[in-house]
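Good morning, everyone. I have one protein to show you, so please look at the screen.

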Amino acid sequence: HFVAVKEDVTEQKKIRESLRESEEKSRLLLQSVGEGIFGVGLDGNVAFINPAARRMLGYSPEELIGHDIHEKIHHSHADGSAYPKSECPMYLTRVDGTDHHIADEVLWRKDGSSFPVEYTSMPIKKDEQIVGAVVTFMDITERKKAEAEAEHAAILIREKEAQLSTAVNSMVGGI
């Protein structure tokens, strides 16, 4: 006796190919953007991180994936004081599902130095349940330098205006 089973796997192959293409597009997107991007699970451990984020932070993927991101890169404020996880917007996104856009904080590199960043933390949801968060950030060092230079120039202009005003008043008073 012989029994044959024939199953058309064409549709399964199409689905697998479509999934493979979708994963490839996502991977290429993460690799191509200039902003740092990482995702964390509810436990705060890194699930994925793109090359731009790794480059800015100075870590290899192995040093971050599966590790608590707060302890690695967001543990302290710019002045070095402790940044409690319970106050961290990245953490709060995972807890209560709120979006956070922070315009001026710092992240810490592997070498112990910090750099100013602007970041957004958004919840990742599956079936309306929070399953983690994704954080995008950019290094704003050059922006901060430009702002400081502009402020310095404004101070110099105000000083020169005050000197000019004093000189004019002295001249007018002497006439």
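This is a predicted model: local features need pLDDT of at least 70, side-chain atom pairs count only at pLDDT 80 or more; totals for chains, interfaces and linings use all residues.

The protein has 175 residues, and 27% of them are buried. Its secondary structure comes to six helices and five strands. If you read along the sequence, the order is α-β-β-α-α-α-α-β-β-β-α. Of the contacts with a separation of 6 or more, 41% are between residues 24 or more positions apart.

Now the inside. In soluble globular proteins, nonpolar side chains tend to be buried together. Here, the largest nonpolar core has 23 residues. Phe38, Leu57, Leu107 and Phe137 are the ones with the most contacts inside that core. Several elements give two or more residues to it, including β1 (36-41), β3 (100-108) and β5 (129-139). Which element gives the largest share of this core? That is α2, with four residues.

Take Leu57 as an example. Leaving aside neighbours within four places in sequence, Leu57 is in contact with Ile49, Leu64, Ile73, Leu107, Trp108, Arg109, Lys110, Phe115 and Phe137.

Leu164, Val168 and Val172 make a nonpolar surface patch of about 280 Å². Leu164 lies in helix α6, residues 141-173. Is Leu164 buried or exposed? Its relative accessible area is 55%, and the cut-off for exposed is over 50%, so Leu164 counts as exposed.

That is the end of my part. Thank you.

Notes
Residues are numbered from 1 along each chain as its sequence is written. Side-chain values use heavy atoms; hydrogens and water are left out. Patches are made of residues with over 30% relative accessible area and no salt bridge: like charges are joined within 9 Å, nonpolar side chains (Val, Leu, Ile, Met, Phe, Trp, Tyr) within 5 Å. Accessible areas come from the Shrake-Rupley method with a 1.4 Å probe; for residues, only the protein chains shown count as cover. A salt bridge is a side-chain nitrogen of Lys or Arg within 4 Å of a carboxyl oxygen of Asp or Glu. Buried means under 20% relative accessible area, exposed over 50%, partly exposed in between (1.4 Å probe, protein chains only). A nonpolar core is a set of buried Ala, Val, Leu, Ile, Met, Phe, Trp, Tyr and Cys residues joined through side-chain atoms within 4.5 Å. Contact means heavy atoms within 4.5 Å.
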